Amino acid sequence: MGKIRVLPDQVANQIAAGEVVDRPASVVKELLENSLDAGSTRIRVEIEGGGRKLIRVADDGAGMNRDDALLAFERHATSKLHTADDLLSIATLGFRGEALPSIASVARVTLETSTGEEASGTRIEIAGGRMHRVEDAALPRGTTIAVSDLFFNTPARRKFLRAESTELAHVTALVTHYALAHPEKHFELAAASHTIVSAPPVARTAERIYQIFGKETLGQLLPVAAETPLERAGLPEPPPWKRDPDEPKRQPGSLRLSGFYSKPELQKLNRNSIYIFVNKRLIRDRLLLHAITEAYRNVIPPTSFPVVLLFLEMPPEEVDVNVHPAKTEVRFRQQSLVHDFVRDSLRTALVKARPAAGFLAALDSQPSASPSLMPPAASPLVNNSDPAGQASLPADSTLFHLTPALPSPIPGTLPFTDKPLEHGQQWHAGDFSLQDWGDAARALFQPPASGPSHEPCSPSLNGTATYASDAAAAAALVETEQASANLNRLGSLKPLGQLRESFILATGDDGLWIIDQHVAHERVLFEKILEDRQVERIQRQRLLMPLLVELKPEQMVVFARIAQELQNSGFEVEPFGPQTLAVKAAPVGLEGAELERTLAEVIDQSTADSDEPLRNEELTKLRSRIAASIACHSAIKINTPLDPKRIEWLLLELAKTSHPTSCPHGRPIALLYSWKEIQRAFHRI
Ligand SMILES: Nc1ncnc2c1ncn2[C@@H]1O[C@H](COP(=O)(O)OP(=O)(O)OP(=O)(O)O)[C@@H](O)[C@H]1O
Ligand SMILES: [Mg+2]
């Protein structure tokens, strides 16, 4: 007898569950996606015991009739896909027909559903993959799925679950982000004792951000929107003999982007605050992450990351979603087009907005590891008004576990790292570094920000309407404030003088400006050098005597690799013996010791781990590193007196740059102590 056997369905389902369901948040993800696919307008999620005890998702969507409800728990049973061709243009979030049978194989599930059209609805109870009861029930239109005792029959899985509060934080992150992608729908998330998210429908994403995160977060973000036609359709045309003459020719459609990005002053130590949605699906994608970091290059430090909420819309055939069992990764058919579009749209938005850094905000703007996009009341401890919430804390809740941080954008996956995730590899919220401690503690002990987001929503239509319009008014207010606080008027400021011969003080209608003279000049020079380099018009000066620079052997190797670009950037350097360089000419403004430092810096920042010629991207980066280094070493220093003419000149030149917000290394250039802040500090408002 042969050794190979076909696995029973129950085993196959548990294997599938291993890929799709690894913690409560991934159950919530599947159920939420089903509710959204069913066209629901109101979705309520209830969680008990961090989701281990109970997850209930109730929607008002299309519902199922009795036959469909039974079929839904069969493996590979789906209403969303009929043929293999459909796979090429998936417009729904689900399509694998796997989620419900997988969940039902590792938990006890009760499904209640009704289409609202039949005489009665259906209730089904199923546990560990076995059907226990099927009955008629009087139910309103929609579906409610309750999942209890998750992993009751798979103890190994259960062991991997973290503290209740950690699991709840994952669930909160998930619901929050789906709520952001669908501002027009009503989302609620409730834990046993209190409401965590309550978001009635609003018209725009800005209002939703206000509802969920409050005014402060919204104030730190700027809107972006762009569109580009797709040059060609994602899929090749079928050959003429297979074409249906009646079928209209496929239109390439367009690529649309909308969302929010952080001002340069807000910086994060990791990529956990970057959220990317493609056709409203929350995904992680290294290509787009790269595009985002590129957009912020030389605006924030290379070790920092921005906060970005990005919604990309494209025809479904442009993106393959069938590449990952949890559907969290996608593949674009026109990769570089999507990449460049995202990078350029963000970059253009940054140049246009030129947001001013607030003096007070900058004081507190150390890059942090904590994700900023978490509802302020995500942790029970933060909710002061709820003693019951505190009492119900599990014994093992430590501050780490309670970090109201969003551990990873998508449950069960690593936060964005440079390495791709090994299949099945997991990252857990408990794995915080000590650096999180400060943020975690601060967030925990801060009183919850006031605002409508913490009040349980009123079910009455009236209440909802007021709530939504509050959000609209607040969002509009934040937008006006944002629009006014930009750097466009830098050139028309009235300089008052210098502070300790290092910082320029100037006034304008919007308040008092403090400008760091060194980094301001650095930015001006940096952009000029790059521009001149672009048109190959670098100004160089011949040295009276060649300058000899000693290098270590490994630095000589690096030098050889970047020599050509150095030459193109204005250096005339030749080897002078085995470990010495002779500099005969240098970019204008760079002299003596500074010239030597620039060369050493550029060489030290480069590597020579390949003999291949520099690739385009490496070359661009090298070029901007050289420009940044020259700019830094030839810019006006601090502790340098400047006469009024020179100050005026510097402000005018700074106003002309594309990124007057920050120096090429990411430090702020100009801080605004706004008129409003000043009035507030003097208790006038
Ligand atoms: N909340 C719901 N409302 C209406 N129909 C639902 C709901 N949840 C599930 N269904 C139906 O049950 C079917 C099976 O759901 P399931 O989540 O297992 O698979 P899927 O969504 O089709 O694919 P995937 O495994 O990728 O999620 C769905 O295709 C849908 O027809
Ligand atoms: Mg599904």
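Me: Leaving aside neighbours within four places in sequence, which residues is serine 102 in contact with?

Reply: They are Asn13, Ala16, Ala17 and Val21, once those neighbours are set aside. Contact means heavy atoms within 4.5 Å, so that is the limit each of these pairs meets.

Me: Before we go on, what kind of model is this?

Reply: It's a predicted model, where local features need pLDDT of at least 70 and side-chain atom pairs count only at pLDDT 80 or more, while totals for chains, interfaces and linings use all residues. As for bookkeeping, residues are numbered from 1 along each chain as its sequence is written, chains are lettered from A and ligands numbered from 1 in the order in which they are written, and side-chain values use heavy atoms, with hydrogens and water left out.

Me: Why does serine 102 count as buried?

Reply: Buried means under 20% relative accessible area (over 50% is exposed, in between is partly exposed; 1.4 Å probe, protein chains only). Serine 102 comes out at 0%, so it counts as buried.

Me: How far apart are the C-alpha atoms of serine 102 and valine 21?

Reply: They're 7.4 Å apart, although 81 residues separate the two along the chain.

Me: What does the side chain of serine 102 reach?

Reply: The backbone oxygen of glutamate 98, at 2.6 Å. A polar contact is a pair of N or O atoms within 3.5 Å (within protein, one must be able to donate a hydrogen and the other to accept it, and residues adjacent in sequence count only if both atoms are side-chain atoms).

Me: Where is serine 102 found?

Reply: In helix H4. Helices (H or I, at least four residues) and strands (E, at least two) are DSSP runs, numbered from the N terminus. Helix H4 (99-105) and helix H2 (24-37) each supply at least two residues of the shell around ligand 1.

Me: How many residues surround ligand 1, and which are the closest?

Reply: There are 22, and the closest are Thr78, Ser79, Lys80, Glu98 and Lys327. A residue is near a molecule or strand if one of its heavy atoms lies within 4 Å of it.

Me: What polar backbone atom is 2.8 Å from an oxygen atom of ligand 1?

Reply: One of phenylalanine 95. Since 2.8 Å is within 3.5 Å, the pair makes the polar-contact cut-off. Leucine 100 also has a backbone N or O atom 2.8 Å from an oxygen atom of ligand 1. Threonine 143 uses a polar side-chain atom, 3.3 Å from a nitrogen atom of ligand 1.

Me: Why does glutamate 33 count as buried?

Reply: Its relative accessibility is 1%, which is under 20%, so it's buried. Glutamate 33 sits in helix H2 and touches Leu93, Tyr178 and Lys327, not counting residues up to four places away in sequence.

Me: And what makes serine 624 count as buried?

Reply: Serine 624 has 7% relative accessibility, again under 20%, so the label holds. Serine 624 belongs to helix H19 (residues 616-634).

Me: How do you know that helix H7 is mostly covered?

Reply: In H7 (residues 205-213), eight of its nine residues are buried. Among them are Ala206, Ile209 and Phe213. For the whole chain of 685 residues, 51% count as buried.
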